[in-house]
Amino acid sequence: MRRLLRDPVATLGFGLILLAVFVALFAPWLAPYPDDAFDSHLLQRLRPPSAEFPFGTDNLGRDILSRVILGTRDALTVALAVVGAAMLIGVPVGLVAGWREGWLAELLMRVTDVFLAVPQLILALALGQLMAPGIGTAMLALALTYWPFFARTVFAETRRLRGALFVDALAGIGASPARILLLHVLPNAAPAILVRATIGMGFTILTAALLGFLGVGAAPPSPDWGLMVSEARQHLPEAWWFPTFPGLAIFLLVLGFNLLGDGLRDLADPRLRRSR
Amino acid sequence: MLRYLLRRLALSLPALLGLVLLTFVLSRVVPGDPAAALAGDAATPAQIAEIRGQYGLDRPLAEQALIHLKQVVQGDFGRSIFSGRPVAEEILQRLPATLELTFAALLLASLIGIPLGLIAALHHNGLIDHLVRLMSVGGLAIASFWLAIMLQLVFSMELDILPLRGRLDVALGSPPRLTGFLLPDTLLAGRLDMFLSACRHLVLPAVTLALPGIATIARFTRSGVLETLQKDFVLYARAAGYGRVRLAAIYVLRNAVTVTVTQIGLLFGALISGAVAVEAVFDWPGLGTYAVQAILAADYKALLAVTLVVGVVYAVVNVLVDLAQALIDPRIAGAGR
């Protein structure tokens with residue numbers, strides 16, 4: 001942790017994430033007009049930024065600043081749930097496939113390869129559509145397409161550690177494979193998993209926003225950033241503020257995760273640290 | 001080299017076969033009855049049954065899976081439930097537009113990203129290095145659909161110097177279709193005005209799509225160059241009096257760029273995904289808009305075909321990448337990976 005904070009770039013990322021978490025936790029109190037998630041006020045539609053509405057208002061007269069603040073919670077929850085679920089599938093798959101030799105390991109990794117052989121968004125779109133569009137389906141689709149990245153990471157780590165001396169020693173004193181994997185291999189693979197998860201958070205936020213933008217993610221009137229940008233398209237070029245601020249929010253939050261992931265990767269991989 | 005190519009091709013077969021199976025499984029988890037959806041709200045059960053028979057939806061699952069595989073191998077993706085035309089035909093018509101856009105973006109990304117990474121590495125830990133690092137992380141954080149809209153807002157709507165949408169000025173008509181790629185087609189037709197129009201239409205979509213690519217390529221070129229700079233041969237070359245520029249641009253870059261080439265292959269997948277967003281914003285008549293239309297029309301045959309085609313293109317690109325790598329660095333083909 002202390003070493004992480006010595007890296008200014010990673011610290012900036014960490015700060016952005018802390019800010020977002022703070023905003024998400026206290027959104028109803030921070031937003032100037034917390035009811036604007038759902039209410040509409042047609043009399044004040046498409047007002048440019050002012051002291052009253054710092055980010056302007058949207059096509060239904062809702063305060064964009066409030067909606068950006070309220071959207072933070074959804075963005076973070078979706079990303080956490082997706083990355084968590086992907087980890088729950090990917091980590092065990094990677095552990096088992098990395099530990100064992102033979103048909104099971106082969107099968108698991110071939111299935112992983114199949115999922116990796118299609119760009120994630122296309123697969124998520126196909127899955128999302130086939131199961132009726134909506135934010136729940138979008139999350140399921142994102143999790144189902146992100147687990148292979150965890151499986152690959154954990155597989156590589158497990159294969160590397162399987163030959164380590166301490167693992168041999170543990171097996172020699174009669175530790176069961178489950179014990180070795182869960183208590184010894186997994187903690188050693190944790191840094192790599194953490195890096196993958198951090199980058200995955202940023203990636204998931206981007207993809208979820210894109211799904212919302214394409215109309216297969218969050219549904220109106222929820223204050224989803226991607227959805228807001230999509231709604232704004234019909235009101236250009238007059239209302240430049242309408243797409244600008246939700247997009248900036250996406251950028252800053254994803255930037256936070258990417259910067260932190262970058263810093264963590266350098267810490268986890270000493271080889272890269274030296275070359276920096 | 002040929003043996004290497006064949007082995008590499010054989011290695012990508014299981015994944016492709018699995019992909020066919022996956023798309024089939026996907027098409028079976030459709031909760032709604034596609035036959036009912038196709039027949040419309042007012043259809044009688046008899047009409048639905050007829051459609052089910054017509055599309056083979058009433059056969060046993062294993063048989064359907066085999067038929068699916070056979071059809072896919074023959075390039076038959078069935079008829080679009082939405083338009084009634086063969087899906088393969090519709091995809092073939094749109095694939096060149098997407099590929100043209102993707103290649104333009106890839107070219108742009110390499111032309112900017114590789115020098116940027118090289119310069120950053122040569123000024124290791126200097127101001128330029130930090131800027132490039134920040135940019136390469138930031139470039140990956142921008143939502144492409146948002147960037148596309150922002151560029152439209154500035155360059156098409158406010159400044160009015162670049163076209164808002166489409167591939168070509170409608171007023172100019174279109175060139176005879178030879179390759180489906182507009183840049184060569186317009187040139188072959190001898191229409192310079194059309195060619196320039198096509199170029200102008202390509203600028204904003206390609207720039208939008210290229211940005212994440214620039215970031216990735218710059219980043220990996222940088223770390224590749226940094227690693228190569230620590231090798232012994234660089235020290236010898238320096239001692240032997242090679243100029244800084246010549247050493248960096250020729251000897252170091254060639255050794256460093258194999259990492260970058262791998263990334264370009266991986267990037268291609270990201271580019272195709274990005275293309276969906278970019279095409280949607282710029283009304284680019286490619287696979288991305290086709291996929292989005294298919295989603296909105298619940299045309300699952302079209303969507304699954306897009307998934308398959310993209311998977312195949314992706315696999316082919318990755319084989320090409322491995323080949324390019326082997327050409328740049330002959331040690332790779334010999335290593336028998």
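Colleague: Hi! How many helices and strands does chain B have?
Modeller: Hello! In this predicted model, chain B has 14 helices and 0 strands. Read from the N terminus, its elements run α-α-α-α-α-α-α-α-α-α-α-α-α-α.

Colleague: Thanks. What box do the C-alpha atoms of chain B fill?
Modeller: Taken along the principal axes, that box is roughly 85 × 55 × 40 Å.

Colleague: And what percentage of chain B is buried?
Modeller: Of the 337 residues in chain B, 41% are buried. As for contacts in chain B between residues at least 6 apart in sequence, 72% of them join residues at least 24 apart.

Colleague: Switching to the interface: how many residues of chain A are in contact with chain B?
Modeller: There are 42 residues of chain A in contact with 47 residues of chain B.

Colleague: Which elements of chain A give two or more residues to that side?
Modeller: Those are α5 (103-116), α6 (120-130), α9 (177-214) and α11 (241-268) of chain A.

Colleague: What's the make-up of that side by class?
Modeller: The side of chain A that touches chain B has 31 nonpolar residues, along with 7 polar and 4 charged ones.

Colleague: New topic, then. Where does Leu25(A) lie?
Modeller: You'll find Leu25(A) in helix α2 of chain A, which covers residues 8-25.

Colleague: Why does Leu25(A) count as partly exposed?
Modeller: Because Leu25(A) has 13 C-beta neighbours inside 10 Å; a residue needs 20 or more to be buried, and 12 or fewer to be exposed.

Colleague: Last one: how far apart are Leu25(A) and Ala171(A)?
Modeller: C-alpha to C-alpha, Leu25(A) and Ala171(A) are 46 Å apart in space, with a separation of 146 residues in sequence.

Methods:
Residues are numbered from 1 along each chain as its sequence is written. Chains are lettered from A and ligands numbered from 1 in the order in which they are written. This is a predicted model: local features need pLDDT of at least 70, side-chain atom pairs count only at pLDDT 80 or more; totals for chains, interfaces and linings use all residues. Helices (H or I, at least four residues) and strands (E, at least two) are DSSP runs, numbered from the N terminus. Two residues are in contact if their C-beta atoms, placed from the backbone, lie within 7 Å. Ala, Val, Leu, Ile, Met, Phe, Trp, Tyr, Cys and Pro count as nonpolar, Asp, Glu, Lys and Arg as charged, and the others, Gly among them, as polar.
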